[in-house]
Amino acid sequence: MSTISADRKLRATTLLMAVGVGVAVANIYCCQPLLAIMGRNLRVSDHHIGWIATLTQIGTALGMLLFVPLGDIAERRALTVRMCVFIAIASTLTAVAPSFALLAIFSFLLGLGCVVPHLILPFAAHLAPEGSRGKVVAKVISGMLVGILLARTVAGFVGAQFGWRAIYWISAILMLALAIAFRRLLPESHPSVKMHYFDLLRSVGSMVREHSLLRESAAIGALLFGSFSAFWTTLVFFLAKPPYHYGARMAGAMGLLAAASAALAPLVGRMIDRRSPKLGIAIAVCLALAAFVLMAFTGHWLIGLGLGVILLDIGVQTGHISNQTRIYNAFPEARSRANTVYMVSYFTGGALGSTLGNLGWNLAGWPGVCAIGAMMLIPALLILRSMPGEQVQMVKNFKPTAA
């Protein structure tokens, strides 16, 4: 195959992966602009309905631990297709949930299955040639971030027009279509490692203990996403109060505003390929912190809130790309397990952020949310200060088959 044909095939595969992760990841976040509608429909308070977002993220964190490591020992395409079907079933159950208790259970199951993006990201990194891995990963992550943010936009508009259950029916159909597309169009990808499942899980623990690089990226990713989740979980409640009096549509429109920043992902990826991932992480934390300071003082004006949304999204996006490029470069034979550590931390941070954001909202309103978001980023600055400044090198002494 010629170099030009190989490049075209890689671009087409990357595009399919980017679209796929966007559709799949949307299932985690589509509930956020609909929480107020869900609460009214099921007759529960803002405090209780906020747990739907938290339980979905807890389910995702557990799914990361249980399923994502399989990407190092299982055929990746078949595993990804099966998880798409699992999400379709969980979305259907969520759509028909008759009570808050069952909605909570099915939302947890939906989160448990929403690991498809994190099976695909190591897959994409494996297919990418050296020297362009950051760019390829960035393109796939840009699809994921568009999915995260447009999930809120689409869910907000669909929920306001047809009720909150409609978005889950749509999701079930899309996930089945995605399973078919992946089965037909993605290449097979067989792992180079042979290991029993429980040995695989034990090796994940060994990676955490032995490599500070992985611990640093996981902690910073968790703190960035925690602050992000604190904001997005409570935004719909803030917009429903004075001075705004807006509903789910405006919460969705804020997601559309933030999604525009996903166009920066390829630029971020190229910067990371040429420079150090540490630079991207430093920029990320500073932008996210600046966003919360700005929104604390100007969030009651729409222009201030909108600027804060853009800054926060660019910051979290930049941090995510930088962290994942860093660990994929460092663990070439164990990318799925490295991604497991990172993403379990990431969604644990997200669940914590949703919980703390909800608490901050109930205790102190919007200033409480901004304070929670900013405080979650202070430890990230301290970790960043202790990180080495050199380019990330491959971890050569890691034994991928070690228990």
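A residue is called buried under 20% relative accessible area, exposed over 50%, and partly exposed in between, with a 1.4 Å probe and protein chains only. By this definition R202 is partly exposed, with a relative accessible area of 47%. The structure is a predicted model, in which local features need pLDDT of at least 70 and side-chain atom pairs count only at pLDDT 80 or more, while totals for chains, interfaces and linings use all residues. Residues are numbered from 1 along each chain as its sequence is written, and side-chain values use heavy atoms, with hydrogens and water left out.

R202 pairs with D199 in a salt bridge, their closest N and O atoms being 2.1 Å apart. A salt bridge here is a side-chain nitrogen of Lys or Arg within 4 Å of a carboxyl oxygen of Asp or Glu. Both D199 and R202 belong to helix 10, three residues apart, about one turn of the helix; helices (H or I, at least four residues) and strands (E, at least two) are DSSP runs numbered from the N terminus. D199 is also partly exposed, at 22% relative accessible area.

The structure holds four salt bridges. Another of them joins E188 and R77, with the closest N and O atoms 3.3 Å apart. This pair links distant parts of the chain, since E188 sits in the loop between helix 9 and helix 10 and R77 in helix 5, 111 residues apart. R77 counts as buried because its relative accessibility is 11%. E188 also makes a side-chain polar contact of 3.1 Å with H190, a polar contact being a pair of N or O atoms within 3.5 Å; within protein, one must be able to donate a hydrogen and the other to accept it, and residues adjacent in sequence count only if both atoms are side-chain atoms.

In a further salt bridge, the side chains of E216 and R326 meet at 3.0 Å, N to O. This pair, too, links distant parts of the chain: E216 lies in helix 11 (residues 212-240) and R326 in helix 15 (residues 302-330), 110 residues apart. Both E216 and R326 are buried.

V85, I89, L93, V96, W169 and L176 form a nonpolar patch with about 500 Å² of accessible area together. Patches comprise residues with over 30% relative accessible area and no salt bridge, like charges being joined within 9 Å and nonpolar side chains (Val, Leu, Ile, Met, Phe, Trp, Tyr) within 5 Å. Helix 5 gives the most to the nonpolar patch, with three residues. I89 is found in helix 5 and is exposed, at 52% relative accessible area.

Key:
Accessible areas come from the Shrake-Rupley method with a 1.4 Å probe; for residues, only the protein chains shown count as cover.
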